[in-house]
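Student: I have a model open and want to go through it piece by piece. Can we start with the strands and move on from there?

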Amino acid sequence: MVRHQPLQVYERQLCLSCITGIYGCRWKRYQRSHDDTTKWELLWSLILLFTFSAMLVWFYFWLEAHNDYNEFNWSLYNRSGKWSDGTVPVLATTAAGFTYIAFLMVLALCHVALGQQLNLHWLHKIGVTAALLTTVVGVISINQTWQHEWDIIPISLQATGPFLHIGAVAAVTALSWIVAGQVARAEKTSFQVVVLLLYLSLLLGLYVVPLYITSPCIMDPSNLRPRPNVIGHQGAPMLAPENTMRSFQRALQMNVTGLESDVAISVDGVPFLMRDRTLRRTTDVVKMFPDRQMEDAALFNWTDLQQLNAGQWFLKDDPFWTTHTLSPHERNLIANQSVCSLEQLLKLASYHNTTVMFRLRRPPLGHPCYHSWINDTLQAVEQSGVPQSLIMWTPDEDRDQVRELAPDLVQTSLVKQSPQSLREADISKLVLRYNQASTQEIRDLSQKNISLTLYTVNEPWLYSVLWCSHVSAVSSEAPHILKKVPYPIWLLRPDEYRLMWVCADLISFVVVIGIFILQNYHMIRYRSSNMRSYNPEQIMLSAAVRKSSRDLNVMKEKLIFSEVGNGVGNGEELYTDGPNGYDYYTERGGS
């Protein structure tokens, strides 16, 4: 007489249930499958991988672009006319999207490692599509509005490349556990060969990447030049309102060697400091002169400009998220700042024997000083009493006339030129954005005794890279941060770096070989320990995994009765998760 046994005795598999449930909403055991992933789901896996790669680059871009967040916000202001920190929503959505996609990638890898069929839920497919489209739209927007900022990626790799390489080698080495498992379990030789070739190509490619990594910080420390000078770009605008006396005073407290500003000329011929075309962002012109808020700043006279407050906006908008660090006394000083004239700045610089560099903006057509703007500025320089040798003169217009009237001014160019062209024009200093000069160009200018100043440098890593490149000076909005960088963040001798990456590659290679050997050893033991005789019903069940559920259930019941009747085992043994259970037979049948 046949004794019936319980048909369903399951072990709890909470971890597996969570992995398959979150990824594909397959929370129940009967919903999971060891079958091969369908071509449609393989396509979605590739889309997921591409989205992850794109978002990884996008996320890295925004992390390294931190140096230029203020520039980004200022460009948005010039387009919209309204000041706001546009980096906050971008960073929030980028971080959230990357975290989500990375989590799905981890779940997909877990599916592969556990031999589960990939089946991304439709809600996740919508999420992946949204993340990909958002990233594409973001890339297009940056190309149209801030294209030169893409240069931050290759520049930052000079600082992060050696360490990202080690991280990538470690990640691909860890991936060998999954790859080795797939190769060991596969029964098709062609599949094994393809997987091995793809993985080994990736691994060997990473091993030789350091041959193409260049960084000025990989050098002999004895060749390191003195610390580059730091010029306060609009003073210290992270600590006080830009282009105000308090901002320049705070910059001088940070031991800057120079001050930089933007100069406009009032309707009555007084040069004053103002970056924007209008006064709306950095003054209370909306309150004092509401009907003139959209006018060019140069169309105001000096008397009207002196009535404006140039500090309260800083406390209100908090453009650099730094006002919480200010003392009550400092807040009071900032709240009472006014528009600063060029003469005031020059007198302050003369007192501290500090270099001054300013960009002079020509007044609009029809302005009383449209033709005399150069002479009006030179007159302000003369009235201030500052030594001409402390002033870096940047306007290209009427240079010959300026040399005659003020021969001791330091002639400076804002346009990239060859060393030969600079010497022919009798220009001794060059000021460029940091992405406009390569390491080799910086060193060539240094050898030709042409002083190069790069702007705007706020991050210690960028300052370190430029320092190792032999740059003479940098212009910074964060002199209080660069003051804390007495030495490059990292500096490696070439032989030390070679030793570092060769050791990393060798360790990775040994670990990968060990993992492949271990996985093959476990698979051989697993198969040998599970060799057993099959009765016809077992063979039929193994071959019928993909048949209808009704036929499969009939064969399952026949198999149970046959096994119990022959004394091979009981129903619990057949239906528990183990090498002899039903999952084992279906897995063998599906492979």
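Predicted model: local features only at pLDDT ≥ 70, side-chain atom pairs only at ≥ 80, totals over all residues.

Student: Which residues of strand 8 are on which side?

Tutor: Ser 451, Thr 453 and Tyr 455 are on one side, with Leu 452 and Leu 454 on the other. Both faces are covered.

Student: How do strand 7 and strand 8 pair, and over how many bridges?

Tutor: Strand 7 (residues 429-433) pairs with strand 8 in the parallel sense over five bridges. Two strands count as paired if DSSP finds at least two bridges between them. Leu 432 stands opposite Leu 454 of strand 8. On the other pairing, strand 8 runs parallel to strand 9 (residues 473-476), with three bridges, and there Leu 454 has Val 474 as its bridge partner.

Student: Which helix does the chain cross through from strand 8 to strand 9?

Tutor: Helix 18 (residues 460-468), in a right-handed β-α-β crossover. Strand 7, helix 17 (residues 439-447) and strand 8 also make a right-handed β-α-β unit. Right-handed here means that, with the strands pointing away from the viewer, the path from the first strand over the helix to the second runs clockwise.

Student: What does strand 4 (residues 355-360) pair with?

Tutor: Strand 2 (residues 258-265) is joined to strand 4 by six bridges, running parallel, and Glu 260 has Met 357 as its bridge partner in strand 4. Strand 5 (residues 391-393) is also parallel to strand 4, with three bridges; Val 356 stands opposite Ile 391 in strand 5. From strand 4 the chain goes through helix 14 (residues 373-384) to strand 5, again as a right-handed β-α-β crossover.

Student: New topic. How many helices and strands does the chain have?

Tutor: 24 helices and nine strands. They are DSSP runs numbered from the N terminus, helices being H or I with at least four residues and strands E with at least two. Of the 591 residues, 49% are buried.

Student: And what is the accessible surface?

Tutor: About 29600 Å², with 60% of that belonging to carbon and sulfur atoms. The areas come from the Shrake-Rupley method with a 1.4 Å probe, and for residues only the protein chains shown count as cover.

Student: How many aromatic pairs are there?

Tutor: The count is 21. The rule takes rings of Phe, Tyr and Trp (its six-membered ring) with centres within 6.5 Å; planes under 30 degrees apart are stacked, over 60 edge-to-face, and the rest tilted. Trp 62 and Tyr 69 make a tilted pair, 6.3 Å centre to centre with 45 degrees between the planes, and both residues are buried.

Student: Why is the pair of Phe 163 and Trp 490 edge-to-face?

Tutor: Because the planes stand at 90 degrees, with the ring centres 5.3 Å apart. Phe 163 is in helix 6 (residues 152-185), and Trp 490 is in the loop between helix 19 (479-482) and helix 20 (494-529), 327 residues apart.

Student: Is each one buried or exposed, or what else?

Tutor: Phe 163 is partly exposed, at 41% relative accessible area. Trp 490 is buried at 13%.

Student: Last one. Which charged residue lies over the face of Trp 74?

Tutor: Arg 275, at 3.8 Å from the ring centre. The rule asks for NZ of Lys or CZ of Arg within 6 Å of the ring centre and within 35 degrees of the ring normal. Arg 281 likewise has its charged end over the ring of Trp 313, 5.6 Å from the centre.

Technical notes. Residues numbered from 1 in each chain as written. Heavy atoms only, no water. Buried < 20%, exposed > 50% of the residue type's maximum accessible area, 1.4 Å probe, protein only.
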